[in-house]
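I am opening a notebook on a structure that is new to me. The entries below follow the order in which I looked things up.

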Amino acid sequence: MLKLLLEHKGLVLTRSQILDELWGYDAPIIDRTVDTYIKNLRKKLNLDRIITVKGVGYKYEESL
C-alpha cells in the first residue's frame, strides 16, 4: 500500500482505487479495510505524510 501511495505521490487515491489495485476487483474486502491498513502504516512507520482527504481517500505528500 505504501508503494502504491509513493508511486502516485501528491495524487488522491480513493479507497476503491486502492482496493482494486492491491486486492483486485472481485475481492470481498470492504473499503474500511484500507483505513485500518493506513492507520497501521502510520503507527508502525511513524509516517505523518499519508494524508487523509476526508470523504475521498488518501494521498502521500513529500513535504508538509
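Before reading side-chain pairs, I note what I count as a polar contact: a pair of N or O atoms within 3.5 Å, where within protein one must be able to donate a hydrogen and the other to accept it. I also note that this is a predicted model.

**Entry 1: R42**

I started with R42, which I found in helix 3. The backbone oxygen of I50 lies 2.7 Å from a polar atom of the R42 side chain, so the pair falls within the 3.5 Å limit. I then found a polar contact between the side chains of R42 and T52, at 2.8 Å.

Is R42 buried, partly exposed or exposed? I read a relative accessibility of 26%, so R42 counts as partly exposed. Setting aside residues up to four places away in sequence, I listed what R42 touches: L47, I50, I51, T52 and Y58. I also looked up L2, which is 40 residues from R42 along the chain; the C-alpha atoms of the two are separated by 10.0 Å.

Three of them form an open sheet in the order 1-3-2, with antiparallel pairing.

I went through the pairings in turn. Strand 1 pairs with strand 3 (residues 57-60) in the antiparallel sense, over two bridges. In this pairing I found T14 opposite G57 and L13 opposite Y58. Strand 2 also pairs with strand 3 in the antiparallel sense, over four bridges. Here I found I51 opposite K59.

The hairpin of strand 2 and strand 3 has three residues between the strands. In that hairpin I noted G55, which takes a positive phi near 80°.

**Entry 2: strand 3 and K59**

I wanted to know which residues lie on each side of strand 3. In a regular strand the side chains alternate between the two faces of the sheet. I found G57 and K59 on one side of strand 3 and Y58 and Y60 on the other. All four are buried, and both faces of the strand are covered.

I looked at K59 by itself as well. The relative accessible area of K59 is 17%, and I count a residue as buried under 20%, so K59 is buried. The side chain of K59 has a polar contact of 2.7 Å with the side chain of E61. Leaving aside neighbours within four places in sequence, I recorded the contacts of K59 as L5, G10, L11, V12, R49, I50, I51 and V53.

**Entry 3: helix 2 against helix 3**

Two packed helices are described by the angle between their axes and the distance between the axes. For helix 2 (residues 15-23) and helix 3, I read axes that come within 9 Å and cross at roughly 85°. That angle makes helix 2 roughly perpendicular to helix 3.

Which residues make the contact? On helix 2 they are R15, I18, L19 and W23, and on helix 3 they are R32, V34, D35 and Y37. I sorted them by class and got five nonpolar, no polar and three charged residues.

D35 lies in helix 3, which covers residues 32-45. With 14% relative accessibility, D35 counts as buried. I found two polar contacts of the D35 side chain: one of 2.7 Å with the side chain of R15, and one of 3.0 Å with the side chain of R32. Not counting residues up to four places away in sequence, D35 touches R15 and Y58.

Y37 is also in helix 3. At 42% relative accessibility I count Y37 as partly exposed. Beyond neighbours within four places in sequence, Y37 is in contact with M1 and W23.

Notes: Residues are numbered from 1 along each chain as its sequence is written. This is a predicted model: local features need pLDDT of at least 70, side-chain atom pairs count only at pLDDT 80 or more; totals for chains, interfaces and linings use all residues. Side-chain values use heavy atoms; hydrogens and water are left out. Buried means under 20% relative accessible area, exposed over 50%, partly exposed in between (1.4 Å probe, protein chains only). Contact means heavy atoms within 4.5 Å. Two strands pair if DSSP finds at least two bridges between them. Axes are lines fitted to C-alpha atoms, for helices over the stretch in contact, and angles run from 0 to 180 degrees between N-to-C directions. Angles under 35 degrees count as roughly parallel, over 145 as roughly antiparallel, 65 to 115 as roughly perpendicular and the rest as oblique. Ala, Val, Leu, Ile, Met, Phe, Trp, Tyr, Cys and Pro count as nonpolar, Asp, Glu, Lys and Arg as charged, and the others, Gly among them, as polar.
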